[in-house]
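Visitor: I would like to go through a model with you. Could you take me through some of its local details?

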Amino acid sequence: MTLQIRRMNEGDIEQVQLVAKSSWHSTYKGIIPDHIQESFVNTAYSYEMLMKRLTETLFLVAEQEGNIIGFANFTPLKDEKKVELGAIYLYEEYQGNGIGTELLKMGLEELQYLKKMYVNVEKDNQSAVSFYKSKGFMIETEYDDVFDGHTLKTVRMMLEK
């Protein structure tokens, strides 16, 4: 099965929404209440929001046999040498196969100028914390994040190039 990592286009939006919904549910089950997940995903991954990300950020998709199975979203910060990694999400059955690593690698290649990359991870999402640590990210700080009335323990991690 050939994996292709490429920039998202408008025709990918519906599949990206399905990946977001599915991966959010499997990732945050027992961490974030379902109704809060639904509300967030519907807003953050609405057609309008994804069109905005398409034009203002680096939004990569992982595609296999014509189906989008994951994505990564990188947002340049005001300091042009810094980038916020907003998300790497994959369908649960594709996790652990190096696809997240490929998405991250492609993002780093596209963002040649980059000096620092930041990512916020829910502290209880141990697989994500471990993934980012294995890629060289270090925990910079921890804080409580009030997310739609639900408090999350968040770790902010940073990768220096």
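Predicted model: local features only at pLDDT ≥ 70, side-chain atom pairs only at ≥ 80, totals over all residues.

Visitor: At what angle do α1 and α3 pack?

Guide: Helix α1 (residues 13-28) and helix α3 (residues 47-56) pack at about 110°, and their axes are 11 Å apart. Helices are DSSP runs of H or I with at least four residues, strands are runs of E with at least two, and both are numbered from the N terminus. Axes are lines fitted to C-alpha atoms, for helices over the stretch in contact, and angles run from 0 to 180 degrees between N-to-C directions.

Visitor: Which residues meet there?

Guide: Ile13, Val16 and Gln17 of α1 meet Tyr47, Leu50 and Met51 of α3; contact means heavy atoms within 4.5 Å.

Visitor: Now asparagine 73: buried or exposed?

Guide: Asparagine 73 is buried, at 4% relative accessible area. Buried means under 20%, exposed over 50%, and partly exposed in between, with a 1.4 Å probe and protein chains only. Asparagine 73 belongs to strand β3 (residues 67-76).

Visitor: And where is aspartate 145 found?

Guide: Aspartate 145 is in strand β6 (residues 138-147) and is partly exposed, at 27% relative accessible area. Leaving out residues up to four places away in sequence, aspartate 145 touches His150, Thr151, Leu152 and Thr154.

Conventions:
Residues numbered from 1 in each chain as written. Heavy atoms only, no water.
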